[in-house]
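Dear colleague,

I am handing over the structure below, and my notes on it follow directly after. Please read them with the model open beside you.

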Amino acid sequence: MINLKRTAVMAGLVGSLLAAQGSASAAPAVKEEASVFVNGRLQVEVLTVNNRTFIQLVALKDPAWNISYESKKKTVIVSSPSNQKTITLKAGEKTAEINGKKVAIDVPVTVKEGRTYVPLRFISEQLGGAVSFNKEENRAVIRTPSGQADYTTLMSGDLTEAREVASRLELVYEDSFKPLPETGEGFTITNTYPKGEALRLKRDYKGMTWYAEVNKEGLLVVKWQKDSLGEKSESGTPPKSFGEAVFFSDNFMSELLVYGTVTADGKATELGRISSEGNGGMASALAVPIEGEIRSDAVAGTIGK
């Protein structure tokens, strides 16, 4: 889903963030851990040692990459047919093999508690991924090739396809926001977009409403949250009226998508339904074309363009 620029400009910043020390048993000396996102998802299984960060191998699964791990030899093999590259990394060693040739690295593979952590920046840059670092929010954003394709679609592609990507994004809370606890129950997620847009939405789930915006990194950042149950409280700054809008309600238990339009005064009209049974047995889509809509929020010149 992009083509983030593989920027050498960020090399110094990201290098200190995503490089790795040889031993995972060294005593940590961390000021404040940076958050790490892979393809828009926050990574909770991140190993930080002496201000160095390791990412789990499983986080890098991508159709464009073939990844295998030989447990007896503690060796990771990653290949990219499109780039015609095969990289072999062995736990604890500061050398890698690229197409059979040895290359010195300062970021060895680390195995801890049966989990394999890899030098993310080295692999992503060698195989066609991308890394950027947001200094203000202290976070690294990484994209595999499919993540890069999604990013391009999200920021400047077809409206329906962009909404499909946006619907699958996790909500991101930045440090300045105080999230409310979720107390309700439910099996339906509704995403509502202003007419012609994909980069702003309201998400309703379990009696909670979020307003969020896609930032230039392709993350869906929460700006406002309201609890319609419980204490009926809210946090953040309420959004301005969407005016005319469209909605897509996904009942993930029955794999049913209900979609329609919303008038400026809030009247919703259902336009149709799609189920997995009527979709070739596949899971239902999260967005469909709405007649008369033309995308109005495509962003030119974003990272990866």
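R200 is partly exposed, with a relative accessible area of 24%, and in this predicted model R200 forms a salt bridge with E197, the closest N and O atoms being 2.8 Å apart. E197, for its part, counts as buried at 15% relative accessibility.

Two residues separate strand 16 from strand 17 in their hairpin, where K206 in the turn has a positive phi of about 55°.

Turning to the salt bridges, a search of the whole structure finds nine. One of them joins E217 and R139, with the closest N and O atoms 2.6 Å apart; since E217 lies in the loop between strand 17 and strand 18 (220-227) and R139 in strand 13, the pair ties together parts that are 78 residues apart in sequence. Both partners are buried, E217 with a relative accessible area of 5% and R139 at 4% relative accessibility. Another salt bridge is formed by the side chains of E270 and R273, at 2.8 Å from N to O, where E270 counts as partly exposed at 43% relative accessibility and R273 as exposed at 52%. Salt bridges that share partners also join R139, E174 and E217 into one network.

A further site that I looked at is T144, which is placed in the loop between strand 13 (139-143) and helix 3 (145-156). T144 counts as buried, at 0% relative accessibility, and its side chain is joined to that of D62 by a polar contact of 2.4 Å. Leaving aside residues up to four places away in sequence, T144 touches N39, L60, D62 and W65.

As for the chain as a whole, its secondary structure comes to four helices and 22 strands, and 45% of its 305 residues count as buried. The accessible surface amounts to about 15,600 Å², of which 49% belongs to carbon and sulfur atoms.

Conventions. Residues are numbered from 1 along each chain as its sequence is written. This is a predicted model: local features need pLDDT of at least 70, side-chain atom pairs count only at pLDDT 80 or more; totals for chains, interfaces and linings use all residues. Side-chain values use heavy atoms; hydrogens and water are left out. Two strands pair if DSSP finds at least two bridges between them. Buried means under 20% relative accessible area, exposed over 50%, partly exposed in between (1.4 Å probe, protein chains only). A polar contact is a pair of N or O atoms within 3.5 Å; within protein, one must be able to donate a hydrogen and the other to accept it, and residues adjacent in sequence count only if both atoms are side-chain atoms. Contact means heavy atoms within 4.5 Å. Accessible areas come from the Shrake-Rupley method with a 1.4 Å probe; for residues, only the protein chains shown count as cover. A salt bridge is a side-chain nitrogen of Lys or Arg within 4 Å of a carboxyl oxygen of Asp or Glu.
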